[in-house]
Amino acid sequence: MGNDDDSVHAAIHELRSFGRRSGRTLNARQTRLVEDLLPKVRLPLHSPSSGAEELARVLVPGAQRVWLEIGFGGGEHLVAQARSHPDVAFIGCEPFIDGVVKVLSAIEDQAIANIRLFDDDARDVVRWLPAAAIDRAFILFPDPWPKTRHRKRRLVSAQTLALLARVMRTGAELRVATDIGDYARTILEAVHNQRAFRWTATGPQDWRIQGDDWPVTRYQQKAIREGRRSYFLRFVRD
Ligand SMILES: C[S@@+](CC[C@H](N)C(=O)[O-])C[C@H]1O[C@@H](n2cnc3c(N)ncnc32)[C@H](O)[C@@H]1O
C-alpha cells in the first residue's frame, strides 16, 4: 500500500500546492518546541501505518476515530476541534513551520493529547494511510492560486479527491471551504465527475452557512474583513 511504482511516480510529478514554508526566525521557545515536542507528535511516515481498525488508538490511546485536517494554517480550527472532540485522533498537516509552531504551543499550553502532526505535504500522509481509515477530513481555504498559469497547483483536484476517496470510509464527511467562486465551481465539478463523494447540499443555506461545529479560521476572518463570501462544501463518501 502506498509504495507501489504508480504512487511514487505520482508523488514525484506532483506540483507543489503550498507557498512559503517558513516566515519569521523562531525564538528560543519555538525552537525547543520544534526540536523536542514535534518529534513526539509527528506521524511516523517512515514506518508502515497500522490497519484502519486500530489506527485511531495507535495514534492516540483511547481514541475511537480519526479526523484529518489538510493545510491547517495557524491551527485555529484544528485546535478547537481537538478540544471539542477528545475521543477523536486528529491528524493535522501543514508545511508552513510558523503554523506548526502555533499548534505545538497550543498542545503544550493546553495539554492537548489528541493531535498528531505532519509538517509537509498532506498527500504523502494520505498515501501512507490505510484504506477506509478516516472518518472526517477538512480542507479549509486551500491556497487560491488565482493566476491562470498557477491553477494546476490548486490542491483540491480530481487527483487529490481520488487519494482521499481511498482513505475515507463509507459515510465519512469531507468538508471544503473556499472564498474563491471559480475554485468552488471546479471542486464541485471534480466531485461530480469523480462520483466517490456526494455533495450533501439541498439548498443555498447548505453552502452559505458553516454551522456551529465548524470553527472560523484565520484565513476566513481575512475573507470576511475584505468582504468576500465563503463557500462551505460538505461531501459524503459514498
Ligand atoms: C490559504 S492557507 C489557509 C490556512 C487555514 N486552513 C485557514 O483557513 O486559515 C492554505 C494552507 O494550506 C497549506 N497547504 C497547501 N498545500 C498543502 C499540502 N499539500 N499539504 C498540506 N498543507 C498544504 C499551506 O501551507 C497554507 O498554510
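Helices (H or I, at least four residues) and strands (E, at least two) are DSSP runs, numbered from the N terminus. By that convention, Arg225 is found in helix 10. The model is a predicted one, in which local features need pLDDT of at least 70, side-chain atom pairs count only at pLDDT 80 or more, and totals for chains, interfaces and linings use all residues. Residues are numbered from 1 along each chain as its sequence is written, and side-chain values use heavy atoms, with hydrogens and water left out.

Arg225 has 65% relative accessibility and therefore counts as exposed; the term exposed means over 50% relative accessible area, buried means under 20%, and partly exposed lies in between (1.4 Å probe, protein chains only). Helix 10 (residues 218-225) supplies the largest share of the positive patch, three residues.

Strand 7 (residues 231-237) is largely enclosed by the rest of the structure, because seven of its seven residues are buried. In a regular strand the side chains alternate between the two faces of the sheet. Here both faces are covered, with Tyr231, Leu233, Phe235 and Arg237 buried on one side and Phe232, Arg234 and Val236 buried on the other.

Strand 7 also has pairing partners, where pairing requires that DSSP find at least two bridges between two strands. Strand 5 (residues 168-178) pairs with strand 7 in the antiparallel sense over six bridges, and Glu173 stands opposite Val236 in strand 7. Strand 6 (residues 197-199) pairs with strand 7 in the antiparallel sense over three bridges, and Trp199 stands opposite Phe235 in strand 7.
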